[in-house]
Amino acid sequence: MIEVDLHLHTTCSDGRLSPTALVDLCASRGLKVIALTDHDSTEGIPEAQAAAARHPGLTLIPGIELSTDIPGSEIHLLGLFVDFREPVFLATLAELRDGREGRAKQMVEKLNQLGVAISWERVKELADGAIGRPHIAQAMVEAGYVKYPRDAFDKYIGRGGPAYVERAKLTPKDAVAILAANGALPVMAHPTYSAAKSPRGEVEEIRHILNDLKGAGLVGVEVYYGDYTPSQVKRLAGLAKELGLIPCGGSDYHASGNPNEPEPGKVGPPMSTYQRLLAAREDPARSRR
Ligand code: AMP
Ligand code: ZN
Ligand code: FE
Ligand code: FE
C-alpha cells in the first residue's frame, strides 16, 4: 500500500488537474503524505492546502521543481517544505517563468517553420500557470499532428529535436543553492532513464553529481519514481544509502494524457522517508543561508 507521493503537478504548471482535484484524487487513493511540486511555481499551494484540510489524515508538503542543465542532459531538483511566501524566492520563480514563456514561444515558431501550424494563442490558453513543453504537445495533439503528447517530444520538442529550444542556463548547484537558501530540502528528481519519457537522455556519472550536490545541501534523491523498474529502484536505493541521501520519490503525475502514466498511489517511498525528511528539517547542521 503506497502512502507517500512526493512528486505531483497541477494546472499551476504542466499538470492537467487543478490543485483541488489532484488532492482529492490522492486522498481517494489512500495517500497520507503528498507533496505538490509544480515547475517554477508555488501558486497552487494555498488551494491545495485548503483541499487537504478537508481530508483528515492527509498531510500536504509544499514543494517546487526546478529544471537545470548539464552538458547533454538535464537534472531536475525538487524542493520540499518550501517557504512559499519568501519574496526573494518568489522573484526568482517569476524570472524562471518568464524564461519559460520566451522559450515556449520560440519552440512554437520553430514548429510553425516546420509546417506544424499550432498557434501561440492556443498554447497560452492551455497554460494556466508556468508554461512548459507539455502545453505545446497538448496543442499538437488537439490539432491532430500527433496521437499522444509524448509523440510530440519524440518527434519535435524533446532535447535535440528539430523544434527544441534550450532554456536559460541554471546549473544543478545553482538550484540546490536557491532551494537551500529558501530553507527547502533539495532532492534530485528522476536521476535516471524513464521509459515513459524517453528519450530524455541518460545522466552520466550520477554518483559523482549526487556527491557533489550533497556538499551543496542536497538531502535526498528520487528512488521510488514513476515507471522505474525494480532493478532501477534497487540500484538507486543502494546509491542513496551509500551516499547518505534520503530515498524519495513519487508518481510525477501530470494527468498528461500519455498512455500508461503512473497514477498517484502506484509508486512512492515508504513512510520512513517522510520521518527522515522531518528529521532533516530539524537538523541544525543543514546549511540554511
Ligand atoms: P519543460 O519544463 O518545458 O522543459 O518540459 C518538461 C516536462 O515535459 C517534464 O516535466 C515532463 O512533464 C514532460 N516531458 C519531458 N520529456 C517528455 C517525454 N519524452 N514525453 C512526455 N513528456 C515529457
Ligand atoms: Zn512536468
Ligand atoms: Fe521533472
Ligand atoms: Fe515533475
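**Exercise 1. Identify which residues coordinate the iron ion (ligand 3), and at what distances.**

Solution. The iron ion (ligand 3) is coordinated at 2.0 to 2.2 Å by Glu65 through OE, His76 through ND1 and His190 through NE2. Donors here are N, O and S atoms within 2.8 Å of the metal (3.2 Å for Na, K and Ca); water is not among the atoms, so sites may look incomplete. The model is predicted: local features need pLDDT of at least 70, side-chain atom pairs count only at pLDDT 80 or more, and totals for chains, interfaces and linings use all residues. Side-chain values use heavy atoms, without hydrogens and water, residues are numbered from 1 along each chain as its sequence is written, and chains are lettered from A and ligands numbered from 1 in the order in which they are written.

Along the chain, the donors follow the spacing E-x10-H-x113-H. Glutamate 65 lies in strand E3 (residues 59-70) and histidine 190 in the loop between strand E5 (185-188) and helix H8 (206-216), so this pair ties together parts 125 residues apart in sequence. Helices (H or I, at least four residues) and strands (E, at least two) are DSSP runs numbered from the N terminus.

Glutamate 65 is buried at 1% relative accessibility, and histidine 190 is buried at 8%. Buried means under 20% relative accessible area, exposed over 50%, and partly exposed in between (1.4 Å probe, protein chains only).

**Exercise 2. Find the polar contacts of ligand 1 with arginine 100, arginine 133 and arginine 167.**

Solution. A polar contact is a pair of N or O atoms within 3.5 Å; within protein, one must be able to donate a hydrogen and the other to accept it, and residues adjacent in sequence count only if both atoms are side-chain atoms. For arginine 100, a side-chain N or O atom is 3.0 Å from an oxygen atom of ligand 1. For arginine 133, a polar backbone atom is 2.8 Å from a ligand 1 oxygen. For arginine 167, a polar side-chain atom lies 3.1 Å from an oxygen of ligand 1.

**Exercise 3. Locate leucine 236 and list what it touches beyond four places in sequence.**

Solution. Leucine 236 sits in helix H9 (residues 230-243) and is buried, with 2% relative accessible area. Leaving out residues up to four places away, leucine 236 touches Pro191, Thr192, Glu222, Val223 and Tyr228, where contact means heavy atoms within 4.5 Å.
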